[in-house]
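The sequence and the structure come first.

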Amino acid sequence: MLNKPIYHAIKILCILITGIIFLAGCNESNHKHTPQTQNLPDVNANNIKAHLSFLASDDLEGRDVGSVGHNIASNYVASEFQQLGLTPAGDNDTYFQNVPLRKAYLTPKGAELIVHQAGGDVRVNYPKQFLAAGSGVADNLAVSAEAVFVGYGMVSERFGINDYDGLDVDGKIVVALAGRPKALPSEEGAHLQSGYEKKKHAVARGAVGFISIHTPKREKVRSYASRLLYLGTPSVTWLNDNKPHGTFEQLKGSAYINTEAAKHLFSQAEKPLTEVFEAEHQDKAIKGFPLNTKITLKRRSYHKDITSPNVAAVLEGSDPILKNEYVVFSAHSDHIGLAKDITTPDRINNGALDNASGVAILLETARLLSQLEQKPKRSILFVVVTGEEKGLLGSSYYANNPTVPIDAMVANVNLDMPLILFPFADVIAFGANHSTMGPSVERAANKLGLALSPDPMPEQALFTRSDHYNFVKKGIPSVFLMTGMKSKDPSIEGGKVWGDFLKTHYHKPSDQLDLPISYEAAADFAKVNMMIGLEVANAKQRPTWVEGDFFGEIFTQTDKSGKRSGIKTAK
């Protein structure tokens, strides 16, 4: 947190910006009422421009987690919530929830991977041939044990998968292929192939180490060489009773090994690795087997503990009963800070669209909903989280340490990187197919003359890759809302704009304020969010999961009314 003098300076700056917005609003017309949105507040594009310009300014230096710039951004958001008259929903009657984080670094030359073969030991080269992350659990970790290949290392009763069937990995090092079988649905497969899920199953069966193999199939998606760009970057976790959340102390070693070096692990096995890769290429079933070799894993680490704030506020509902339920809007305020390349003239990753735009639109959505003559029946909870870029950390902390009852959260709408570069004609709600949130979003969009389009990138499994997923893990129907790829302007090809941004500007210093940002498009997106909030907050029934949905089944249990009970946590 910033000290009080700086915090007051930020508040004064916010007041000045608000005055500028007011004067600009006098000279530029706001969005006019449409027949479908009569008696609703006008959206002010200038508000969004002011928020975005501040949050993506060079002075905030890319809003890296734990930085002064990110703290300033958080104080700005809290000040805006306060000006709107929203009730604090952080710790101790404040707008802030301080998230304890641990940054773990690998010491120079601190990682070792040795394959003990009959003909002699093979030392695998770090980082050219394998990668390892610093440990937040202990400074020095080492393990030496027999190794067992377990295919993809996946287990799912629903899909009839048990890669450990017939294998004994107790006290051994598990070796698994990165990725998943092609036949699995993308979103379900993304969940099952996550590092956490795979390690969870290994630990449950007694494994003491875990090695992932970079395959030729994975190389086509993301090269091993691209991972070297992140060398020296610390692993970051949030702390639960001073222990890193989501880590497995039983695993004394872990590594990610490249395609060529992985062949050493199979030199004494019943099958060479080339046969395994060929089976994967042909989409054949892959059965595990003992590798008949011993492996040693070592790593030396050091760590640093920091805190970084989530910012939360509530607009209380108008219904005496339903006001005890909450529709949650979320967006992440952090970005990736300064670029590593010190030779570039501009090192600041401003994150204008990722995700200053999402926070700016959330703030305007909060203003719109707070200015309604008739407040929504359910309460609206606004949560601006930290640490998304480090692994969805702030939202994970909030979902596990909620400031309102977790059972009372009926839905989550997450705003992450809305691409406001052209007049969009549709919206995309990743995850809409999993719950009745889909129809709610579609009704809200249709009232504004917009379409709800299906996921255009199902292979990317974006439903599992942003902050809303931590609410999903608590059984809360959620969508990740994006501007779509259709354009109202026939001269603009929305899909091409998307592709150009992802290729040229995503996570680069050029994601900044000189992009051709359309604040009218941003205003339209804020209006969509207001309508979704009203649609869900005023509905008689809370959203429910589609019957038989994979995520609904593994993360929640519901009664006949659709109310969640016996929530399954996914820590």
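Strand 2 covers residues 96-117, and proline 108 lies within it. The model is a predicted one. Proline 108 has a relative accessible area of 72% and is therefore exposed, the cut-off being over 50%. Computed along the sequence, 33 residues separate proline 108 from leucine 141, and their C-alpha atoms are 15 Å apart in space.

Lysine 109 also lies in strand 2. Its relative accessibility is 78%, so lysine 109 counts as exposed. The phi angle of lysine 109 is near 55°, a positive value in a residue that is not glycine.

## Backbone exceptions

Most residues other than glycine have a negative phi, and most peptide bonds are trans. Glutamate 61 sits in the loop that runs between helix 2 (45-55) and helix 3 (68-83). With a relative accessible area of 46%, glutamate 61 is partly exposed, because this class lies between 20% and 50%.

Cis peptide bonds are the other exception. Tyrosine 126 and proline 127 are joined by a cis bond with omega of about 5°. Proline 127 belongs to the loop between strand 3 (120-124) and strand 4 (130-131). A cis bond also leads from aspartate 354 to asparagine 355, with omega near 5°. Asparagine 355 is part of helix 9, which spans residues 352-370.

## Aromatic pairs

How many aromatic pairs are there? With ring centres within 6.5 Å as the criterion, the count is 20. In one of them, phenylalanine 266 and phenylalanine 289 have ring centres 6.0 Å apart and planes at 80°; the angle is over 60°, so the pair is edge-to-face. This pair links distant parts of the chain, 23 residues apart: phenylalanine 266 is in the loop between strand 12 (253-257) and helix 8 (273-281), and phenylalanine 289 is in strand 13 (residues 289-315). Both phenylalanine 266 and phenylalanine 289 are buried.

Phenylalanine 430 and phenylalanine 480 form a tilted pair, with 5.2 Å from centre to centre and 45° between the planes. Here too distant parts of the chain are linked, 50 residues apart: phenylalanine 430 lies in strand 17 (residues 426-430) and phenylalanine 480 in strand 19 (residues 478-483). Phenylalanine 430 is buried, given its relative accessible area of 2%, and phenylalanine 480 is buried at 4%. One aromatic cluster is formed by Phe159, Phe463, Tyr469, Phe550, Phe551 and Phe555.

## The chain as a whole

The chain contains 15 helices and 21 strands. Its radius of gyration is 25 Å, which agrees with the value near 25 Å for a compact globule of 571 residues. Along the principal axes, the C-alpha atoms fill a box of roughly 80 × 55 × 50 Å. Taking contacts between residues at least 6 apart in sequence, 82% join residues at least 24 apart.

Of the 571 residues, 57% count as buried. The accessible surface is about 24100 Å², and carbon and sulfur atoms account for 52% of this area.

Conventions: Residues numbered from 1 in each chain as written. Predicted model: local features only at pLDDT ≥ 70, side-chain atom pairs only at ≥ 80, totals over all residues. Heavy atoms only, no water. Helix = DSSP H or I, 4+ residues; strand = E, 2+ residues; numbered from the N terminus. Rg over C-alpha atoms; globule rule 2.2 N^0.38 Å. Buried < 20%, exposed > 50% of the residue type's maximum accessible area, 1.4 Å probe, protein only. Contact = heavy atoms within 4.5 Å. Areas by Shrake-Rupley, 256 points an atom, 1.4 Å probe, with all protein chains shown as cover. Phe/Tyr/Trp six-rings, centres within 6.5 Å; stacked < 30°, edge-to-face > 60°.
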